[in-house]
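Visitor: I have a structure open and some questions about it. Can we go through it together?
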Amino acid sequence: MVRFLASILLGIAITFGLFSFMAFLVSSGDRNKEEKLENIVVEVNTTPPKSAAEQRRRVPPPPPPPPKTPPKPQAPEPETNTNTGGVSFSLPNVNLGGASTSISAPGAFGRDGDATPIVRIEPKYPMQAARDGKEGWVKLSFTIDEIGGVTDVEVIDADPKRVFDKEARRALRKWKYKPKVVDGKPQRQTGLTVQLDFKMNQD
């Protein structure tokens, strides 16, 4: 009985000793880990490492040379459209505020300082009218502005109606004049009229 009690006490003592020894080992291991963590130094380097690659700098190209001064524009020569596609076109008379003057005689415009024609474009004969053998005329009103252009083109009367109007307006807008000059200043002329005749060739 005494031996049994002694063995129990001895077992308890040995077991307690083993547990104490294991606790000591565990605590010493954690302490070593903490010491190692405290010894770790983190360095932050804000300067980027130097690269061995060469840096290529882009050099802007030299500025282009200044453009040459363009030559002064020459006065346009009178222009006429001679290709009428088998139809004839009679030269119209332009009414300059009461005086009827033929375009075929441009010198008549310059005597009194009136507008002088520079470019005259003959209208195209409409294909449908040419196929049908139709002839007619269109009377238009227009304005010569300060630079000699034709503006405000309107059809006053026509025979037949709405057959030659489009081509007549289109041609008249392309006409160019040397504007009327009074006291050295170009003047705007309004209320001018002209009649464009559309006739087939009689050959």
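Visitor: Which residues does the UniProt annotation "transmembrane region" cover?
Guide: According to the unreviewed UniProt entry, that annotation covers residues 6-26. Keep in mind that the model is predicted.

Visitor: How much of residues 6-26 is helix, and how much is strand?
Guide: The chain there is 100% helix and 0% strand.

Visitor: What makes the nonpolar surface patch?
Guide: M1, F4, L5, I8, L9 and I12 make a patch of about 680 Å².

Visitor: Where does M1 lie, and is M1 buried or exposed?
Guide: M1 lies in the segment before α1, the helix of residues 2-39. M1 counts as exposed because its relative accessibility is 76%, and exposed means over 50%.

Visitor: New topic: T143. Where is that?
Guide: T143 sits in strand β5, which runs over residues 136-144. With 5% relative accessibility, T143 counts as buried.

Visitor: What does T143 touch?
Guide: Leaving out residues up to four places away in sequence, T143 touches several residues, among them G149, D152, R188 and G191. The side chains of T143 and D152 are also joined by a polar contact of 3.4 Å.

Visitor: And R169?
Guide: R169 belongs to helix α4, residues 165-173, and counts as partly exposed at 27% relative accessibility. Beyond four places away in sequence, R169 touches L140, V153 and V155.

Visitor: How many residues apart in sequence are R169 and K139?
Guide: They are 30 residues apart in sequence, and their C-alpha atoms are 9.8 Å apart in space.

Key: Residues numbered from 1 in each chain as written. Predicted model: local features only at pLDDT ≥ 70, side-chain atom pairs only at ≥ 80, totals over all residues. Heavy atoms only, no water. Patch = residues over 30% accessible without salt bridge, like charges linked within 9 Å, V, L, I, M, F, W, Y side chains within 5 Å. Areas by Shrake-Rupley, 256 points an atom, 1.4 Å probe, with all protein chains shown as cover. Salt bridge = Lys/Arg side-chain N within 4 Å of Asp/Glu carboxyl O. Helix = DSSP H or I, 4+ residues; strand = E, 2+ residues; numbered from the N terminus. Buried < 20%, exposed > 50% of the residue type's maximum accessible area, 1.4 Å probe, protein only. Contact = heavy atoms within 4.5 Å. UniProt positions renumbered as here; feature names shortened; annotations may be inferred. Polar contact = N/O pair within 3.5 Å; in protein donor to acceptor, adjacent residues only side chain to side chain.
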